[in-house]
Amino acid sequence: MEKSKVYFCSTITPENVLKLYNALGVTLPGKVAAKVHSGEEGNQNYLHPDFWKPIIDHVGGTVVECNTAYDGERNYTDKHLKLLESHGWSKFFPVDLLDAEGPDLALPVKGGKLLKENLVGKNLANYDSLLVLSHFKGHPMGGYGGALKQLSIGCASSAGKSLIHSAGATGDQTKLWDFVAEQDDFLRCMAEAAGTVVEMFRGKAAYLNIMANLSVDCDCCAVAEDPCMADVGILASLDPVAIDQACIDLVYASKDPGRDHLVERIETRHGVHTIECAAELGYGSRDYELITL
């Protein structure tokens, strides 16, 4: 079987993001959902809308997000819409908060061991293709955040996020922390949920990971650690498993003295287990060819 192709550029600019997307040789059809992370209020590390503007404009994309399942400025529609405006997303792009109104869209989990369905914002059904724009970095619960997290937690509605975090025990965010799953179960649920979105947009999705502002914390943290190592570069692929695996490998290969702190975060949370489960489910490969541009 041919290895998945992952394109890499070490110089991080909006223009090079577009260059790597074009290297994929695809044209996303129809109405394009551009999945970003809106950035929690107070977070200093998230990638701002002006950085993403050339690629989103190029595909004619609509910025899409979903509400969270934890306290902050993004857990309810009214607050999240205000944040999308204050962070500049609404200034630059059409914006769609996918789960602003219910009911959620239930996607069946094929081959799932823990989840029977994944709940995503119902407006996701209004799109023909998906551009997943991920800021690769650490994460306090998942170990790391990349394409698979954007596909799973990122596209899940508030209720869907609760299902993933609780391994299917509850979709009620007010009860979530009474049903927190065992760590590896949570990671597997991310993989199972991500697979449903991959299936929904099969052949009509592309993935870009930006290895910048490499903090051990996610953009969902209002109080996040500053980056612990230097920026690495931009990656692009049609395979969400391969692109996340390539990012992990680049962290491990780094000679930066701060990489140990990020590796510790990934390993103490068993972060690679999400990638392992995603590969097991068959919607991507850990075997890839890294092509430097």
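**Figure 1. Val 197 in helix α7.** Val 197 sits in helix α7, which spans residues 183-200; helices here are DSSP runs of H or I with at least four residues, strands are runs of E with at least two, and both are numbered from the N terminus. This is a predicted model, in which local features need pLDDT of at least 70 and side-chain atom pairs count only at pLDDT 80 or more, while totals for chains, interfaces and linings use all residues. Residues are numbered from 1 along each chain as its sequence is written, and side-chain values use heavy atoms, with hydrogens and water left out. With a relative accessible area of 0%, Val 197 is buried (buried is under 20% relative accessible area, exposed over 50%, partly exposed in between, with a 1.4 Å probe and protein chains only). Beyond its neighbours within four places in sequence, Val 197 is in contact with Leu 107, Asn 118, Val 120, Leu 124, Leu 130, Leu 151 and Cys 155, where contact means heavy atoms within 4.5 Å. Asn 22 lies 175 residues from Val 197 in sequence, and their C-alpha atoms are 23 Å apart.

**Figure 2. Helix α5 and its buried residues.** Take a look at Leu 151, one of the residues that Val 197 contacts. Leu 151 is also among the buried residues of α5, together with Ala 147, Leu 148, Lys 149, Gln 150, Ser 152, Ile 153 and Gly 154. That makes eight of eight residues buried in this helix, which covers residues 147-154.

**Figure 3. Cysteines without a disulfide.** The count of disulfides comes to zero, a disulfide being a pair of cysteine sulfur atoms within 2.5 Å. For Cys 155, the nearest cysteine sulfur belongs to Cys 66 and is 6.4 Å away. Cys 155 is buried, with a relative accessible area of 2%. The sulfur of Cys 220 is 3.2 Å from that of Cys 218, its closest cysteine sulfur, and this is too far for a bond. Cys 220 is buried as well, at a relative accessible area of 14%.

**Figure 4. Strand β2 and its two partners.** Strand β2 (residues 32-35) points Val 32 and Ala 34 one way and Ala 33 and Lys 35 the other, with all of them buried. Four bridges join β2 to the parallel strand β7 (residues 129-135), and three join β2 to β3 (residues 62-65), also parallel; two strands pair if DSSP finds at least two bridges between them. Ala 34 makes a handy landmark: its bridge partner in β7 is Leu 131, and in β3 it stands opposite Val 63.

**Figure 5. Ser 129 in strand β7.** Here we visit Ser 129 in β7, buried with a relative accessible area of 0%. Its side chain reaches the backbone oxygen of Pro 29 at 2.7 Å. Setting aside residues up to four places away in sequence, Ser 129 touches Leu 28, Pro 29, Lys 31, Val 32, Ala 33, Phe 201 and Lys 204.

**Figure 6. Helix α2 between β2 and β3.** Together, β2, helix α2 (residues 49-59) and β3 make a right-handed β-α-β unit; right-handed means that, with the strands pointing away from the viewer, the path from the first strand over the helix to the second runs clockwise. Buried in α2 are Pro 49, Phe 51, Trp 52, Ile 55, Ile 56 and Val 59. Down the axis of α2, these buried residues fall within an arc of 130°, so they line one face of the helix; the arc is that of the directions from the helix axis to the C-beta atoms. Their cover includes α1 (14-23), β2, β3, α4 (89-92), β7 and β10 (205-211). After α2 comes Gly 60, with a positive phi near 65°.

Technical notes:
Polar contact = N/O pair within 3.5 Å; in protein donor to acceptor, adjacent residues only side chain to side chain.
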